[in-house]
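Biologist: Could you take me through this model? I would like to start with the sheet and end at the ligand.

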Amino acid sequence: MGALREFLSLVDVEDFQSRYSKDITEESFFGYPLAPILEAEQRLRDASSESIAYFSMEYGLAPSVYHTLHGSEPLKSQNKFTQHAVFSNLRAMDNFFTLAIDKRLDLPIYSGGLGVLAGDTLKSAADLGLAFCGIGILWNAGYFKQNFWFQDGQRPHEMYWDPATYPGLVPLKNRIELPCLKEKIKIRLWKYYAYSYSMHAAVPLVLLDTNLPENNDFVRKLTGQLYRSDNEVWKIYQRLILGLGGVRALDSLGYQSGRYHLNEGHAAMAFVEKARSMAPLGRKNLMRHFMFTCHTPVEAGHDRFTKKTLKEILGPEETEILSQYGTDPHNPDLINLTLFSLQVCDRVNAVAKKHGEVMRRQFPSYQNKIQTITNGVHTYTWLSRPFAKLFEKYESQIGPWKKDPSRLRNVLELKNSSEFRQDLWQAHQENKRHLAWLLRQWKIQENILTVCWARRIAAYKRPSLILQDVKCLAEIAKHSGALQLILAGKAHPKDNLGETHINEILSAIDSLDPEREYLRVLMLENYDTYFGKLLTSSVDIWLNNPLPPFEASGTSGMKAILNGVLQMSTVDGWVCEAADKPIGWFFGWRHEGNEIGSEWNLRLQEDSGKLYETLREAAALYYQTQTLSGSLNIQSNWIDRMIECIAQAAYFNTQRMVEEYRAKIWATLTNLNPSVRES
Ligand SMILES: *Cc1c(COP(=O)(O)O)cnc(C)c1O
């Protein structure tokens, strides 16, 4: 059988002839090799592979920066994102210019770190040749589009994109149905593929979509906007689609899943679907096939639903299963999906060591079950061009780092090489020059200390910590030799506190107008994975100041260390595991003892004071990297720290993480043998 015919027999693409026949051919899938897709699809149908089905509400695959699949038609304008407004203390520029970048819209089915981690996990699973499949939702209206309005904070807008012409995304003829009491729900499946860095292997991502003419308006909107849940009923349906729908999708594709990996309680309904009409012993056995990763200690991250509403939507058997394992001990009228998942999954983990400690205190009955696997980032996605070239140049000393990122530790042996130190600094400056060029209207300069805070805006992450005392910040900039500060981030549209923070940031920036000659502050609209990569690789200092212990892990700092960008951070999440290494500066209140404390006691006063002290120290070191004549001070301790950062990236990557999941979480049944290895 020809490769294309085989592909179509495995992946039954809707409208293939009219829409996709130019982009999917005997050899090629949107410009990438077709063969790895065939192998992946066969592997998932092979009963002996006991493949892993990985459920997540969101996926951030970053196709604008990694393996950008191309179609034969030019990209539709709805699938581009080319203009980002800037709010700065050089306000005149904001009115005349936007940050213009000719780039594709990231597949808009993520909101932040959870999604980016899920995307990176798929890529590392592909790198390791695992029988693996991601299950998620095709969010027809994306997350949202952000606009800043001075004195008003953030205004969210609906986002329009076109799944049917998004390169690499294909609709399938497969339809599944959900058994709900009130609504008839039909679901269409889509597929996207995450390729390994070498393009020798791939893993599919199956996306569920209710936006079909057969469904009523309410049902069509359920897979509209990510995390838009107007009420409890809406939320429950979305979880049914992911969990119950996900299991039915796997069956409809003929995938022989042996492991169901639930990320957050969002996907817990997968267990309900499998456990229906099973006897108690069957259910016990089923638990061996379920795994659960909890990603946050923050209250809002844990789903709770009333039994009353669940009963109106689901049949008696489903409600009974949920009640049996998920009744909230503090309120028997509620089902808690986190508790449910802890109960029904044999293997459970937190996402960093510190998070493990916190989680054991939050759920003491499950103490012994809770393991920890520290998050990572996909090396090849987040590594900037100049750094990839640098590592290639020194590959004989570093070793095969692409295949095995743990080799990056070997950069420590290059610490005394002046050539390497020089090249490293040059690679960083090249990244920084690119940023300065993109932001040229705001007169960003490559030789000024540049600090960035960019992430999802949530109260516990303390987005405006560095702007608490603008006078003090201006003093530091004035006396140290100038400072550039870049901020970016989206607040959840329903999260008023987040909007307050954005308003606070905009007002603080506005008030710094007189200081603009030596302190430039910019806030960029619509933070996305493109900016994630751009900023983590091109500033001098990555600022991370969550209130301990509420940052489960955090991953943007891991992208930064990979690119030699120093950390300025409170000690929380993944940073606890690197805080004894000279990778930057650690400051602020530390969490100790048995009390978790309140996520609303933000300690802004004391910690901003500590932050300013630390910034002063960092600025002094930064401005010693250049001699009076302007040439590089090659012995600078700043460069030692950059090298230590890269060495730490040997550990904080998803390849190490996925290997750990294999050993501790997935390898519960029979051994997991990878059926292909990278050549
Ligand atoms: C990496 C990344 C994140 C996660 O960052 P945290 O530091 O974990 O908050 C969020 N959003 C985008 C766009 C990213 O690239």
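Modeller: What follows is a short exchange on a predicted model.

Biologist: Which strands are the edge strands of the open sheet of seven strands?

Modeller: The strand order is β5-β22-β21-β20-β23-β24-β25, with mixed pairing. An edge strand pairs on one side only. That leaves β5 (86-88) and β25 (584-586).

Biologist: Which residue is the bridge partner of Cys452 in β23?

Modeller: Strand β20 covers residues 449-454 and β23 covers residues 541-544. Two bridges join these strands, which run parallel. In β23, Cys452 has as its partner Trp542.

Biologist: At what angle does helix α23 run to β24?

Modeller: Helix α23 spans residues 637-649. It lies across β20, β23, β24 (566-569) and β25. To β24, its angle is about 90 degrees.

Biologist: How much of the accessible area of the ligand does the protein cover?

Modeller: Start with the polar atoms. Lys559 has a side-chain N or O atom 2.6 Å from a ligand oxygen. For Lys461 the distance to a ligand oxygen is 2.9 Å, and for Arg455 it is 3.5 Å. On its own the ligand has 390 Å² of accessible area, and the protein covers 96%.

Biologist: Which elements give two or more residues to the shell around the ligand?

Modeller: The ligand is surrounded by 14 residues, with Lys461, Gly554, Thr555, Ser556 and Lys559 the closest. By type, the shell has three nonpolar, seven polar and four charged residues. The elements asked for are α5 (113-127), α20 (529-538) and α21 (556-562).

Methods:
Residues are numbered from 1 along each chain as its sequence is written. This is a predicted model: local features need pLDDT of at least 70, side-chain atom pairs count only at pLDDT 80 or more; totals for chains, interfaces and linings use all residues. Side-chain values use heavy atoms; hydrogens and water are left out. Two strands pair if DSSP finds at least two bridges between them. Helices (H or I, at least four residues) and strands (E, at least two) are DSSP runs, numbered from the N terminus. Contact means heavy atoms within 4.5 Å. Axes are lines fitted to C-alpha atoms, for helices over the stretch in contact, and angles run from 0 to 180 degrees between N-to-C directions. A residue is near a molecule or strand if one of its heavy atoms lies within 4 Å of it. A polar contact is a pair of N or O atoms within 3.5 Å; within protein, one must be able to donate a hydrogen and the other to accept it, and residues adjacent in sequence count only if both atoms are side-chain atoms. Accessible areas come from the Shrake-Rupley method with a 1.4 Å probe; for residues, only the protein chains shown count as cover. Ala, Val, Leu, Ile, Met, Phe, Trp, Tyr, Cys and Pro count as nonpolar, Asp, Glu, Lys and Arg as charged, and the others, Gly among them, as polar.
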